[in-house]
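Keep the viewer open as you read.

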Amino acid sequence: MRNPLSKTIQTIQPSGIRKFFDIVSEMDDAISLGVGEPDFDTPWHIRDEGIHSLEMGRTFYTSNAGLKELKYEITLFLKRRYGLEYDPNKEIYVTVGGSEAIDDAMRAMLDPGDEVLIPQPSYVSYLPCAVLANGTPVIIELKAENEFRLTAEQLEAAITPNTKLLVLPFPNNPTGAVMEREDLEAIAEVIIRHDIFVLSDEIYSELTYTKNSHVSIASLPGMKERTIVINGFSKSHAMTGWRLGYACGPAEVIAQMLKIHQFAIMCAPTTSQYAAVEAMKNGDADVVAMREEYNGRRRYLLHRFKEMGLECFEPFGAFYMFPCIKEFGMTSDEFVTALLKKEKVAVVPGTAFGDCGEGFIRISYAYSLENLKTALDRIETFINDLREKK
């Protein structure tokens, strides 16, 4: 019998995140700090709008690009929060989560041989989506000494005549790193000079804890026309299961992304879109409240890491910590496996986000403070035992 599988898909490895949680689900008294999902319920007024849409029988397809009212509300949100202005009829469409938008953008923009610059550690989908779109991934290794930010020097060194697209994954999963305006201005100059394009994944934009709010690279001079901005509702509004995101960018690129969406998806879930209209109209206070709670947990983890002598730079975005475990002489995979076995705490090895994540682990603080305290106590016991054995 002939092999039914494509050669390309067989080269792609499964996500390195999930295997530990399959184990955790079968362990009594285990605590997981691994899933990147808000522990808050979707705010009630948003859920209520979704329920109301069902009660009103709004179970039909929407247009491929999404509800006109939702696209309009998204443009208002982007303008008031980030100073971005888009035509809701030509420069924006609604997707099944931000992940679909990443896939659509790569398939719409890449030809065989086009190079995609992917800073790592970063979200697991960028590299396989580039491969599936016939692009050539080129990894830029982000450095702890630079607080895992992308520098203009690193970008310049990675560009070749075949470079087409830069993935800009900030605020970053797994490190929590952010790019300030001056960081973005420095790389924007390089991007414009080399005439490349940007896929800016800003799904964590509302979870930024710096004095200055998130800055989108698309808001800088000369960048809007060469940037696809991806965002959504999963992280900011605790709507992961609603599966809703959106993409904004130049009309000619959005038109081709929408074509892929049209044939592969048809439209995003109708109920979710009606709920998202409410989120855009009246959800700003919800976002602020959740962000403040996350920030309190962030500060608590930093305090505990300092007390236990675990090296970790201070992240100012998303809801992740990326502490260094190199002192223990174990690989990231060995460390997380032993931690799970001995103390029943699940975290994610840094290598799940690229080879350069070796020597680090990702800890999510999208969990209750009570669970975080218990888990950190167990982690402290674990690393103290390791130090005594050295």
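Predicted model: local features only at pLDDT ≥ 70, side-chain atom pairs only at ≥ 80, totals over all residues.

**Two cis prolines**

P171 is joined to F170 by a cis peptide bond, with omega of about -10°. A cis peptide bond also links Q120 and P121, and there omega is about 5°. P121 belongs to the loop between β3 (115-120) and α6 (126-132).

**Loop residues to look at**

| Residue | Relative accessible area | Class |
|---|---|---|
| T42 | 9% | buried |
| F148 | 2% | buried |
| A238 | 7% | buried |
| S368 | 28% | partly exposed |

F148 lies in the loop between β4 (136-141) and α7 (152-158). Its phi is positive, about 55°, although F148 is not a glycine. A238, in the loop between β7 and β8, also has a positive phi, near 55°, and is a residue other than glycine. Why does A238 count as buried? Buried means under 20% relative accessible area, and A238 is at 7%, so it falls in that class.

Which residues does T42 touch, leaving aside its neighbours within four places in sequence? They are R47, H237, A238, M239 and W242.

S368 is in the loop between β12 (361-364) and α13 (369-389). With neighbours within four places in sequence left aside, S368 is in contact with D39 and R297. The C-alpha atoms of S368 and G113 are 46 Å apart, and the two residues are separated by 255 residues along the chain.

**Helix α9 and its buried side**

Helix α9 covers residues 251-264. Which residues of α9 are buried? They are V253, I254, M257, I260 and H261. These residues cover an arc of only 120° around the axis, which means that they lie on the same side of α9. An α-helix has 3.6 residues a turn, so residues three or four places apart point the same way.

The buried residues of α9 pack against β2 (92-95), α5 (97-109), β7 (227-232) and β8 (245-248). On the other side of α9, E252 and F263 are exposed. Just after the helix, M266 takes a positive phi of about 85°.

**Where α3 meets α10**

Two packed helices are described by the angle between their axes and the distance between the axes. For helix α3 (residues 44-55) and helix α10 (residues 270-282), the axes come within 8 Å and cross at roughly 145°. The crossing of α3 and α10 is right-handed. On the α3 side, the contact is made by H45, I46, E49, G50, S53 and L54. The α10 side brings T271, Y274, A275, E278, A279 and N282. Sorted by class, the contact of α3 with α10 has five nonpolar, five polar and two charged residues.

Key:
Residues numbered from 1 in each chain as written. Heavy atoms only, no water. Helix = DSSP H or I, 4+ residues; strand = E, 2+ residues; numbered from the N terminus. Expected span 1.5 Å × (residues − 1). Buried < 20%, exposed > 50% of the residue type's maximum accessible area, 1.4 Å probe, protein only. Arc of directions from axis to C-beta. Contact = heavy atoms within 4.5 Å. Axes fitted to C-alpha atoms, helices over the stretch in contact; angles between N-to-C directions. Left-handed = near helix turned anticlockwise from the far one by under 90°. Nonpolar A, V, L, I, M, F, W, Y, C, P; charged D, E, K, R; others polar.
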